[in-house]
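Biologist: I am new to this structure and would like to learn how to read its features step by step. Could we begin with how a side chain is placed between the surface and the interior?

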Amino acid sequence: MLKNEAKKGAGAPAIKKILITQPRPESDKSPYFELGRKFGVTLDFHPFISLEGIPAKDFRKQKIDIAQFSAVIFTSRNAIDHFFRICEELKVNVSQDTKYFCITEAVALYLQKFILYRKRKVFYGADGSNKSMFDVVNKHKENETFLYPCSENQQDNDIVSWLKAHKCEFATPFMYRTISNDLKPILGSHQYDIICFFTPSGVKSLFENYPTFQQNGTLIGAFGSNTSKAVEEAGLALDIKAPQPQAPSMVAALEQFLNSTKKK
(Lines give C-alpha, C1' and ligand atoms only; values in the text may rest on other atoms or scores of the structure.)
Protein backbone atom coordinates (compact mmCIF):
# COMPACT_ATOMS: atom_id res chain seq x y z
CA MET A 1 0.00 0.00 0.00
CA LEU A 2 2.77 2.42 0.87
CA LYS A 3 6.01 3.19 -0.83
CA ASN A 4 9.18 3.19 1.22
CA GLU A 5 10.42 6.59 2.26
CA ALA A 6 13.23 7.85 0.03
CA LYS A 7 16.66 7.62 1.57
CA LYS A 8 18.11 10.91 2.68
CA GLY A 9 20.34 12.40 0.02
CA ALA A 10 19.07 10.03 -2.65
CA GLY A 11 17.48 12.84 -4.66
CA ALA A 12 13.92 13.05 -5.94
CA PRO A 13 12.28 9.60 -6.19
CA ALA A 14 10.97 8.48 -9.58
CA ILE A 15 7.18 8.66 -9.86
CA LYS A 16 5.80 5.47 -11.37
CA LYS A 17 2.25 4.96 -10.06
CA ILE A 18 -0.46 7.50 -9.24
CA LEU A 19 -3.83 6.75 -7.66
CA ILE A 20 -6.72 9.03 -8.63
CA THR A 21 -9.52 8.64 -6.08
CA GLN A 22 -12.26 9.12 -8.67
CA PRO A 23 -13.95 6.89 -11.26
CA ARG A 24 -12.00 6.14 -14.42
CA PRO A 25 -12.78 8.70 -17.16
CA GLU A 26 -15.18 7.40 -19.80
CA SER A 27 -13.29 9.01 -22.68
CA ASP A 28 -9.91 7.79 -23.84
CA LYS A 29 -9.16 11.43 -24.66
CA SER A 30 -9.05 12.34 -20.97
CA PRO A 31 -6.02 14.55 -20.13
CA TYR A 32 -5.13 12.02 -17.41
CA PHE A 33 -4.22 9.45 -20.07
CA GLU A 34 -2.17 12.01 -21.98
CA LEU A 35 -0.36 12.81 -18.73
CA GLY A 36 0.44 9.13 -18.27
CA ARG A 37 1.85 8.81 -21.77
CA LYS A 38 3.88 12.00 -21.51
CA PHE A 39 5.64 11.05 -18.27
CA GLY A 40 5.55 7.26 -18.53
CA VAL A 41 3.51 6.85 -15.33
CA THR A 42 0.68 4.46 -14.54
CA LEU A 43 -2.57 6.02 -13.32
CA ASP A 44 -5.11 3.89 -11.48
CA PHE A 45 -8.64 5.12 -10.79
CA HIS A 46 -10.61 3.99 -7.77
CA PRO A 47 -13.31 6.11 -6.08
CA PHE A 48 -12.89 6.23 -2.32
CA ILE A 49 -16.55 7.12 -1.75
CA SER A 50 -19.99 6.36 -3.15
CA LEU A 51 -22.99 8.68 -3.05
CA GLU A 52 -26.49 7.61 -2.15
CA GLY A 53 -29.34 9.95 -2.96
CA ILE A 54 -31.76 10.82 -0.17
CA PRO A 55 -35.26 9.80 -1.32
CA ALA A 56 -37.77 12.57 -1.96
CA LYS A 57 -40.00 11.34 0.88
CA ASP A 58 -37.11 11.75 3.33
CA PHE A 59 -36.20 15.15 1.87
CA ARG A 60 -39.76 16.36 2.60
CA LYS A 61 -39.13 15.76 6.30
CA GLN A 62 -36.63 18.64 6.25
CA LYS A 63 -39.55 20.98 5.44
CA ILE A 64 -37.57 23.09 2.96
CA ASP A 65 -39.47 24.65 0.07
CA ILE A 66 -36.95 24.82 -2.79
CA ALA A 67 -39.11 27.23 -4.78
CA GLN A 68 -38.81 29.86 -2.04
CA PHE A 69 -35.06 30.34 -2.62
CA SER A 70 -33.67 32.71 -5.22
CA ALA A 71 -30.05 31.46 -5.29
CA VAL A 72 -28.23 28.14 -5.00
CA ILE A 73 -24.64 27.47 -3.89
CA PHE A 74 -22.92 24.47 -5.48
CA THR A 75 -19.55 23.07 -4.38
CA SER A 76 -19.59 19.94 -6.56
CA ARG A 77 -21.16 18.31 -9.59
CA ASN A 78 -22.71 15.74 -7.26
CA ALA A 79 -24.62 18.49 -5.49
CA ILE A 80 -25.94 19.68 -8.87
CA ASP A 81 -27.04 16.17 -9.85
CA HIS A 82 -28.95 15.59 -6.63
CA PHE A 83 -30.46 19.08 -6.52
CA PHE A 84 -32.11 18.64 -9.90
CA ARG A 85 -33.00 15.01 -9.09
CA ILE A 86 -34.91 16.15 -6.01
CA CYS A 87 -36.56 18.94 -8.01
CA GLU A 88 -37.72 16.41 -10.60
CA GLU A 89 -38.98 13.92 -8.04
CA LEU A 90 -40.90 16.64 -6.17
CA LYS A 91 -42.04 18.26 -9.44
CA VAL A 92 -40.50 21.59 -8.40
CA ASN A 93 -40.21 24.14 -11.20
CA VAL A 94 -36.95 26.01 -10.71
CA SER A 95 -37.36 29.66 -11.69
CA GLN A 96 -35.42 30.85 -14.74
CA ASP A 97 -34.32 33.81 -12.59
CA THR A 98 -32.57 31.57 -10.04
CA LYS A 99 -28.91 32.51 -9.54
CA TYR A 100 -26.20 29.88 -9.16
CA PHE A 101 -22.93 30.40 -7.27
CA CYS A 102 -20.31 27.71 -7.90
CA ILE A 103 -16.95 26.91 -6.33
CA THR A 104 -15.16 26.53 -9.70
CA GLU A 105 -15.77 27.22 -13.37
CA ALA A 106 -15.88 23.46 -14.05
CA VAL A 107 -18.76 23.06 -11.60
CA ALA A 108 -20.50 26.08 -13.13
CA LEU A 109 -20.19 24.70 -16.66
CA TYR A 110 -21.73 21.41 -15.51
CA LEU A 111 -24.99 23.32 -15.01
CA GLN A 112 -25.38 23.29 -18.80
CA LYS A 113 -26.65 19.74 -18.39
CA PHE A 114 -29.71 21.08 -16.58
CA ILE A 115 -30.30 24.74 -17.42
CA LEU A 116 -29.94 27.29 -20.19
CA TYR A 117 -26.52 28.63 -19.21
CA ARG A 118 -26.41 32.42 -18.96
CA LYS A 119 -23.51 34.22 -17.35
CA ARG A 120 -25.78 36.79 -15.79
CA LYS A 121 -27.17 34.12 -13.48
CA VAL A 122 -24.22 31.71 -13.12
CA PHE A 123 -21.20 32.84 -11.09
CA TYR A 124 -18.01 31.18 -9.86
CA GLY A 125 -14.88 32.03 -7.91
CA ALA A 126 -11.64 32.97 -9.61
CA ASP A 127 -9.37 30.32 -8.11
CA GLY A 128 -11.55 27.54 -6.68
CA SER A 129 -11.27 28.70 -3.08
CA ASN A 130 -14.14 29.46 -0.73
CA LYS A 131 -12.88 33.02 -0.41
CA SER A 132 -13.06 33.71 -4.13
CA MET A 133 -16.61 32.33 -4.23
CA PHE A 134 -17.55 34.47 -1.22
CA ASP A 135 -16.24 37.54 -3.05
CA VAL A 136 -18.69 36.84 -5.86
CA VAL A 137 -21.61 36.02 -3.55
CA ASN A 138 -20.96 39.21 -1.60
CA LYS A 139 -21.60 41.30 -4.72
CA HIS A 140 -25.04 39.76 -5.24
CA LYS A 141 -26.24 38.80 -1.78
CA GLU A 142 -28.71 41.67 -1.28
CA ASN A 143 -32.30 40.46 -1.41
CA GLU A 144 -31.22 36.87 -2.16
CA THR A 145 -32.21 33.76 -0.23
CA PHE A 146 -29.62 30.97 -0.53
CA LEU A 147 -29.99 27.24 -0.77
CA TYR A 148 -26.80 25.26 -0.11
CA PRO A 149 -27.39 21.57 -1.03
CA CYS A 150 -24.91 19.24 0.61
CA SER A 151 -24.21 15.74 1.80
CA GLU A 152 -25.77 14.53 5.03
CA ASN A 153 -23.63 15.82 7.93
CA GLN A 154 -20.99 16.97 5.44
CA GLN A 155 -21.78 20.63 4.88
CA ASP A 156 -18.85 23.02 4.59
CA ASN A 157 -18.69 24.88 7.90
CA ASP A 158 -16.76 27.76 6.30
CA ILE A 159 -19.66 28.41 3.94
CA VAL A 160 -22.27 28.15 6.69
CA SER A 161 -20.23 30.44 8.96
CA TRP A 162 -19.85 33.02 6.17
CA LEU A 163 -23.57 33.03 5.41
CA LYS A 164 -24.35 33.49 9.10
CA ALA A 165 -21.75 36.21 9.58
CA HIS A 166 -23.16 38.16 6.63
CA LYS A 167 -26.72 37.75 7.89
CA CYS A 168 -27.86 35.88 4.78
CA GLU A 169 -31.14 34.00 4.72
CA PHE A 170 -30.22 30.41 3.85
CA ALA A 171 -30.92 26.71 4.28
CA THR A 172 -28.64 23.67 3.99
CA PRO A 173 -30.78 20.74 2.81
CA PHE A 174 -29.26 17.26 2.78
CA MET A 175 -29.86 15.69 -0.64
CA TYR A 176 -27.40 12.79 -0.60
CA ARG A 177 -25.14 10.90 1.77
CA THR A 178 -21.54 9.76 1.44
CA ILE A 179 -20.55 6.12 1.95
CA SER A 180 -16.93 4.99 2.26
CA ASN A 181 -15.87 2.32 -0.24
CA ASP A 182 -13.79 -0.76 0.55
CA LEU A 183 -10.24 0.27 -0.34
CA LYS A 184 -8.44 -2.93 0.57
CA PRO A 185 -8.65 -4.46 -2.95
CA ILE A 186 -6.76 -1.48 -4.38
CA LEU A 187 -4.50 -0.33 -1.53
CA GLY A 188 -3.85 -3.78 -0.15
CA SER A 189 -2.13 -5.01 -3.28
CA HIS A 190 -0.56 -1.92 -4.88
CA GLN A 191 2.06 0.64 -3.96
CA TYR A 192 1.48 4.22 -5.05
CA ASP A 193 3.90 7.12 -5.23
CA ILE A 194 1.07 9.68 -5.29
CA ILE A 195 -2.53 9.56 -4.05
CA CYS A 196 -4.83 12.38 -5.22
CA PHE A 197 -7.91 13.35 -3.21
CA PHE A 198 -10.88 15.42 -4.39
CA THR A 199 -13.19 15.57 -1.35
CA PRO A 200 -12.82 15.62 2.44
CA SER A 201 -14.95 12.45 2.44
CA GLY A 202 -12.26 10.70 0.41
CA VAL A 203 -9.71 11.47 3.12
CA LYS A 204 -12.17 10.21 5.74
CA SER A 205 -12.66 6.99 3.78
CA LEU A 206 -8.91 6.34 3.76
CA PHE A 207 -8.73 6.44 7.55
CA GLU A 208 -11.93 4.45 7.99
CA ASN A 209 -10.29 1.69 5.95
CA TYR A 210 -6.80 2.18 7.42
CA PRO A 211 -7.05 3.87 10.85
CA THR A 212 -3.27 3.67 11.35
CA PHE A 213 -2.36 4.95 7.89
CA GLN A 214 1.16 6.36 7.67
CA GLN A 215 2.45 8.28 4.66
CA ASN A 216 5.94 6.78 4.66
CA GLY A 217 7.00 8.80 1.64
CA THR A 218 3.73 8.54 -0.30
CA LEU A 219 2.97 11.96 -1.81
CA ILE A 220 -0.48 13.48 -1.39
CA GLY A 221 -2.39 15.68 -3.81
CA ALA A 222 -5.62 17.52 -3.03
CA PHE A 223 -8.12 19.40 -5.15
CA GLY A 224 -10.05 22.22 -3.48
CA SER A 225 -9.42 24.18 -0.31
CA ASN A 226 -11.72 21.97 1.78
CA THR A 227 -9.94 18.81 0.66
CA SER A 228 -6.55 20.38 1.36
CA LYS A 229 -7.75 21.32 4.83
CA ALA A 230 -8.98 17.77 5.46
CA VAL A 231 -5.61 16.34 4.37
CA GLU A 232 -3.69 18.61 6.72
CA GLU A 233 -6.10 18.07 9.63
CA ALA A 234 -5.58 14.33 9.19
CA GLY A 235 -1.88 14.91 9.86
CA LEU A 236 -0.74 14.25 6.30
CA ALA A 237 1.84 16.29 4.41
CA LEU A 238 0.28 17.96 1.36
CA ASP A 239 2.62 17.94 -1.64
CA ILE A 240 0.38 18.83 -4.62
CA LYS A 241 -2.38 21.40 -4.33
CA ALA A 242 -4.99 22.48 -6.87
CA PRO A 243 -6.51 24.64 -8.11
CA GLN A 244 -3.76 27.23 -8.29
CA PRO A 245 -3.39 30.20 -10.68
CA GLN A 246 -1.07 28.20 -12.94
CA ALA A 247 -2.74 24.85 -12.24
CA PRO A 248 -6.54 25.10 -12.45
CA SER A 249 -6.99 21.31 -12.47
CA MET A 250 -5.47 18.30 -10.77
CA VAL A 251 -4.02 17.21 -14.12
CA ALA A 252 -2.26 20.56 -14.48
CA ALA A 253 -0.96 20.38 -10.90
CA LEU A 254 0.36 16.86 -11.46
CA GLU A 255 2.03 17.94 -14.70
CA GLN A 256 3.79 20.81 -12.91
CA PHE A 257 4.93 18.48 -10.15
CA LEU A 258 6.15 15.77 -12.54
CA ASN A 259 8.05 18.36 -14.59
CA SER A 260 9.78 19.67 -11.48
CA THR A 261 10.60 16.12 -10.34
CA LYS A 262 11.98 15.29 -13.78
CA LYS A 263 14.32 18.29 -13.65
CA LYS A 264 15.61 17.22 -10.25
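Modeller: Buried means under 20% relative accessible area, exposed means over 50%, and partly exposed lies in between. This is a predicted model, and in it Arg177, at 24% relative accessibility, therefore counts as partly exposed.

Biologist: With which residue does Arg177 form a salt bridge?

Modeller: Arg177 forms a salt bridge with Glu152, and their closest N and O atoms are 2.8 Å apart. This pair links distant parts of the chain, since Arg177 belongs to strand S10 while Glu152 sits in the loop between S8 and helix H6, 25 residues apart. Glu152 is partly exposed as well, with a relative accessible area of 30%, and a network of salt bridges links Glu52, Glu152 and Arg177.

Biologist: How should I read the sheet, and what is its strand order?

Modeller: Strands of a sheet pair through backbone hydrogen bonds, either parallel or antiparallel. Here three strands form an open sheet in the order S3-S10-S8, with mixed pairing, and the edge strands, S3 and S8, each pair on one side only. Helix H3 packs on this sheet, where it touches S3 and S10, and its direction makes about 135° with that of S10.

Biologist: At what angle do helices H1 and H10 pack?

Modeller: Helices H1 and H10 pack at an angle of about 10°, with their axes 10 Å apart; angles under 35 degrees count as roughly parallel, so H1 and H10 are roughly parallel to each other. The side chains of Lys38 and Glu255 meet in a salt bridge of 2.4 Å, N to O; because Lys38 lies in H1 and Glu255 in H10, the pair ties together parts that are 217 residues apart in sequence.

Definitions and conventions:
Residues numbered from 1 in each chain as written. Predicted model: local features only at pLDDT ≥ 70, side-chain atom pairs only at ≥ 80, totals over all residues. Heavy atoms only, no water. Pairing = 2+ DSSP bridges. Helix = DSSP H or I, 4+ residues; strand = E, 2+ residues; numbered from the N terminus. Contact = heavy atoms within 4.5 Å. Axes fitted to C-alpha atoms, helices over the stretch in contact; angles between N-to-C directions. Parallel < 35°, antiparallel > 145°, perpendicular 65-115°, else oblique. Salt bridge = Lys/Arg side-chain N within 4 Å of Asp/Glu carboxyl O. Buried < 20%, exposed > 50% of the residue type's maximum accessible area, 1.4 Å probe, protein only.
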